[in-house]
Amino acid sequence: MGQGILLIEDEEILASNIKRYLDRRGYEVVAAGTAHEGIRLFEKGEIDLVLLDLNLPDLHGLKVLEEIRRRDPRVKVVCVTGNGSVQVAVEAIKGGAHDYVSKPVVLSELQLLVDKALGQERLEGALSYYNARKASGSGLPMLLGGSPAMAQVRERIRAVVEAERGLVEGSPPAVLIRGETGTGKELVARAFHFEGPRRDAPFIELNCSALPVHLLESELFGHERGAFTDAKERKTGLVEAAHGGTLFLDEIGDTEPGVQLKLLKLLEDRTVRRVGGVRDRVVDVRFISATNQPLEELVRAGRFRSDLYYRLRGVTIDLPPLRARPGDAEMLAEHFLGLHARRYGRQGVRFCEGALARIQAYSWPGNVRELRNVVEQALLCTRGDRIEEAHLGVTPASDGLGALHWAVAPGSIEAVGSLNGVDLGATTLDDAERALIGRALAQSKGNVTQAAKILGISRDTLRYRIEKHGIE
């Protein structure tokens, strides 16, 4: 179903011609022959645009415009005027009308006005959510790191973006970004958007864990006026606002089953229905989602839909943790020091050799985000021009679980050291995981939330693993 148009026109033949013409071009047109019937239909239906004759038998068009604008100030109104009614049309524009067309109506010109008005409505909806960041602040250059792991990530993004540029029909595949908290999943999502053919269209992001379930659905899909108690105005959802661009759903693993079902329908049909609405609206959106949770395990546990999971992972990007990116921690630390030094007017500050060695030795359980915060704190703590080891506030023992050093050779994994008395070089992965969880719980005195933070995983993931291993 297309976008809804209300036509208020008392000339039956003209109304019939306009309705037939726009219906054939994908719009859904409802017609009213009087002002009062038009206002009633406006209150009842899902209307995106009103075509309003200003010369109606029962009420002047300017009064009808006032009533419509009072009910929904965001709806676009195109006025239809008779010959010699330019002054009335000017008054209509002053009263909030989007544009006007004079009789006799040329249907092709009317369609251009309608297309323009509805395109502007969609753009305004996008701008209400989309606080534009310059493309120069995103893209592949922001994915810093000289390690082979990061080079592989950048190359995979380039390959997918290049393929998207050559896409002749259909929508690009959904992208699923997996990685621990703080690894830079949002930067990867932005690189996909700003390096690709949709760079000039909206990039809209939503953290699925930041909103209650009842608000998440309304934010994503929008709602009609009166859909629920506080829905006093129609609201365009993020999906519609992202039309032509990219919708980035962070923490997709935290969505509830009801929202998952609607997302599945959206991915399959490329249509969206507002809360409280009955019309499906076609959208052209590139979907990117991210998670720090093991979705495969959530699927097995029945907490995430398998069909949605397979739809989301059209292209999968596994973002490596900072500890698996040799040499990147020091390079990123220098980069962040330069950024923060400029912000605080402290140019000339540098790391001593000991501080750089400490940065290299630390395992960074909070990944790049933790590194950035630690560098900022170190800059604020030093009064001179050198950042010493003590200013960093991290030691190998403060990793939360201790530093585990892995020497990996082709076809084998050798663990050095032990944990909670468990020889990690001569045990199963389950035993090692059980030991890690046990130590984290002991350190947090049984607080699951704190233990999850120590481990760098979500609370739900930790609970799942506690049940899996039968840990009391």
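**Strands, sheets and burial**

Author: Start with a pair of strands. In this predicted model, strand E3 (residues 49-53) and strand E4 (residues 76-81) are joined by five bridges and pair in the parallel sense. For one of the bridges, leucine 51 has valine 78 in E4 as its partner.

Reader: Which helix packs on the sheet there, and which strands does it touch?

Author: Helix H3 (residues 61-71) does, touching strand E1 (4-8), E3 and E4. The direction of H3 makes about 160 degrees with that of E3.

Reader: In what order do the strands of that sheet lie?

Author: The order is E2-E1-E3-E4-E5, five strands in an open sheet with parallel pairing. At the edges are strand E2 (28-32) and strand E5 (99-102), each of which pairs on one side only. On average, neighbouring strands of this sheet are turned by 20 degrees against each other, direction ignored.

Reader: Next, side chains. How should I read where they point along a strand?

Author: In a regular strand, side chains alternate between the two faces of the sheet. Take E13: Arg286, Ile288 and Ala290 point one way, while Phe287, Ser289 and Thr291 point the other way.

Reader: Are the residues of E13 buried or exposed?

Author: Buried means a relative accessible area under 20%. Six of the six residues of strand E13 (residues 286-291) are buried, so the strand is largely enclosed by the rest of the structure.

Reader: Which strands are joined to E13 by bridges?

Author: Strand E6 (residues 175-178) is joined to E13 by four bridges, and the two run parallel. Within that pairing, arginine 178 has threonine 291 as its bridge partner. Strand E10 (residues 246-250) also runs parallel to E13, with four bridges between them; here leucine 247 is partnered by phenylalanine 287.

Reader: Now a loop residue. Where is serine 147 found, and is it buried or exposed?

Author: Serine 147 is in the loop between helix H5 (107-129) and helix H6 (148-165). Its relative accessibility is 1%, so serine 147 counts as buried. Leaving aside neighbours within four places in sequence, serine 147 is in contact with Arg325, Pro326 and Asp328.

Reader: What do the totals for the chain look like?

Author: The chain has 19 helices and 20 strands, and buried residues make up 48% of its 472 residues. Of the contacts with a separation of 6 or more, 71% are between residues 24 or more positions apart. The accessible surface of the chain comes to about 22900 Å², and 51% of that belongs to carbon and sulfur atoms.

Methods
Residues are numbered from 1 along each chain as its sequence is written. This is a predicted model: local features need pLDDT of at least 70, side-chain atom pairs count only at pLDDT 80 or more; totals for chains, interfaces and linings use all residues. Side-chain values use heavy atoms; hydrogens and water are left out. Buried means under 20% relative accessible area, exposed over 50%, partly exposed in between (1.4 Å probe, protein chains only). Contact means heavy atoms within 4.5 Å. Two strands pair if DSSP finds at least two bridges between them. Accessible areas come from the Shrake-Rupley method with a 1.4 Å probe; for residues, only the protein chains shown count as cover. Axes are lines fitted to C-alpha atoms, for helices over the stretch in contact, and angles run from 0 to 180 degrees between N-to-C directions.
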